[in-house]
Amino acid sequence: MGKYLLRRLAINVILVAVAASLAYMLAATTMSPRAAYQGRQPPIAESVIDATLDAYNLNDKTPVLQRYGTWAKGVLTGDFGRTWNGGSVNQEMGRRIFVSLRLLLIGTILGFVVGVALGAVSAVKQYKLSDRLIGVSSFVIMALPVFLLATLLAMATYSLNDGLGFTLIEYTGEYNPKLSGFDQFLNRLNHLILPTISLSLGSIAFYSRIQRNMMLDVLGQDFVRTAMAKGLRRRTALTKHALRTALIPSATYFAFAFGTMFTGAIFTEKIFAWHGMGAWLVDSINANDVNSVAAVTLFTAICVLFAAFLSDLLVAALDPRVRVS
Amino acid sequence: MRSKVVLRRLFRNKQARYGISALVLLILLAYVGPFIGPYDWTDKDFLAFMSAPGSDHWWGTGAIGQDMYAVTLRGMQKSIVIGLLVALIATGLAAIVGSFAGYFGGWVDKVLMWGVDLLLVLPSFLIIAIISPRLKGGSWLWFVVLLAAFSWMITSRVVRSMTLSLREREYVLAAAYMGIPRWKIIFRHIVPNLSSLLIIDATLNVSLAIIGEAALSFFGFGVQPPDVSLGTLIAEGSRNATGYPWLFVFPAGLLVLLVLSINLIGDGLRDALDPGSNS
């Protein structure tokens, strides 16, 4: 086991390093942070621009490999460099990770719990009205891309607020900085409503379909019949024996989603104007921000590999048939 | 004939029937519809900016007087073509890489699977978003290649693991003993035996690619003007959707219908090709 873990760790470290280097090279060769300084009024002298870009390690007159060397040396000591206008990438990342976390934590858990519950109900009541209703709606929701869903929600809320004459549900930003204390807490919750719906609906549909299929598989099996035959109430047999076994696939997906939560949700964050990791990715590409792009890639790669590892561990822990050799 | 059995099963499936009829109607609308409409998609009506749907402009007009009916159908054509091409390339690539890795084993397997892992780790959104707008003058076909390049990895792993078990079958071993080259065995004996998996995967890849295109175009990283697709139209429409809903509703509705009908077909195909499966 120890040897397996070590080998896996080594492979993952190499993968992260290669992925981040590729992203840095790509960003450094195609993006030009210089453009942000050149078009200004009054014009900035060429030498001043060069000096500024040199200070941020973004000067396209320096050979790419040399810039890469400086960047890599920084990353090894935990310094991700500077953004295009001189801010610290580390600070920016530290702030944004928690914005994403605050946004995604509730949505991820809610999506999993509700989805699994609906899927289980759907399987137990197979072919009944509730099953069909859940099935059809999950199909429709899965055909709705998240950016469409989020836009629709924002539009509906805008019209609702407009009709009511006051802001019932907030649809942009994370909180109102003018409020404080408990009011601010309520305000934060209000701002969470729409993004959470748009994030969790898709995963509810996804989990409910997986859970329904797994549950149907399990329901026909001997150990559930045995559990009921030995005198357990149907409810206990279903929740304690059937649901627990049928939870394995959904749980592994959940572990993966949980691990990648820090990387943010690109569309939801952009549409509802949360300044998290996902929005940063889009913004940094638009701003030709080479170091930020590389930092996001590195961070995402670590999260994805960690999440994959987490879900593998969970399978091994839950499923007695899987043993790591 | 197996294909006959599968088709009969497919048409007996109610979901799949709905999906197929909806898809046929949508494709007819996309390719025959423009001939019926009064305007071409490049026409600009300078007397009607942002006008609501009416008898002249069926789905209203946009900010510079484009006829939204013609433009939306044009965008839908592009979305359908992109979806089909991406699915074909992605599934083909997955089949080739997965079966070669599984059949050859050894260092070929290691190198290929390492590449798969690397592509899975790279954030595809970022790579496509950086490269695609910078392909100045490059056609949307480059975008198709990029999108396909990032959507085959998971299937190739499934193909690989299935190839590992097919490799030991008698007919494959017999072919190998007869001295048939290994690449020929892969294309003649391995890949055809994976066809049900590949057909289902390709179908679902079409809807994934259509969504992917729309999502990237939503931020301006996908199809570049003057080309239009459902994604670019939705992006434009959503900016002032509350005041001018027709700019948003038609492309968004068509996108959802398109994806929904393809998913229904994909699900029906899965039941028809693989009756034992429950996923």
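Predicted model: local features only at pLDDT ≥ 70, side-chain atom pairs only at ≥ 80, totals over all residues.
**Exercise 1. Getting to know chain A**

Task: Work out which kinds of secondary structure chain A contains, and what span its C-alpha trace has along the principal axes.

Solution: Begin with the elements. Chain A holds 14 helices and zero strands, and reading along the sequence gives the pattern α-α-α-α-α-α-α-α-α-α-α-α-α-α. Next, take the dimensions: the C-alpha trace spans about 85 × 65 × 35 Å along its principal axes. Now turn to burial, where 39% of the 325 residues in chain A are buried. Finally, look at contacts with a separation of 6 or more: in chain A, 72% of these join residues 24 or more positions apart.

**Exercise 2. Where chain A meets chain B**

Task: Find which element of chain A gives the most to the side that touches chain B.

Solution: Start with the residue counts on each side. In chain A, 35 residues are in contact with 27 residues of chain B. Then list the elements of chain A that give two or more residues to this side; among them are α1 (2-30), α8 (181-219) and α14 (290-318). Of the contributors, α1(A) gives the most, with eight residues.

**Exercise 3. A close look at Arg67(A)**

Task: Decide whether Arg67(A) is buried or exposed.

Solution: First locate the residue: Arg67(A) lies in helix α4 (residues 64-76) of chain A. Then count its surroundings. Arg67(A) has 22 C-beta neighbours inside 10 Å, and a residue is buried if that count is 20 or more, so Arg67(A) counts as buried. Which residues does Arg67(A) touch, leaving out those up to four places away in sequence? They are Ala28(A), Asn57(A) and Thr62(A). For a sense of distance, pair Arg67(A) with Gly135(A): they are 68 residues apart in sequence and 53 Å apart in space, C-alpha to C-alpha.

**Exercise 4. The largest nonpolar core**

Task: Identify the residues with the most contacts inside the largest nonpolar core.

Solution: This core has 158 residues, and those with the most contacts inside it are Ala23(A), Ala294(A), Ala301(A) and Ile234(B). Helix α3 (residues 68-104) of chain B gives the most to the core, with 17 residues.

Note on methods:
Residues numbered from 1 in each chain as written. Chains lettered and ligands numbered in written order. Helix = DSSP H or I, 4+ residues; strand = E, 2+ residues; numbered from the N terminus. Buried ≥ 20, exposed ≤ 12 C-beta atoms within 10 Å, placed from the backbone. Contact = placed C-beta atoms within 7 Å. Core = buried A, V, L, I, M, F, W, Y, C linked by C-beta atoms within 7 Å.
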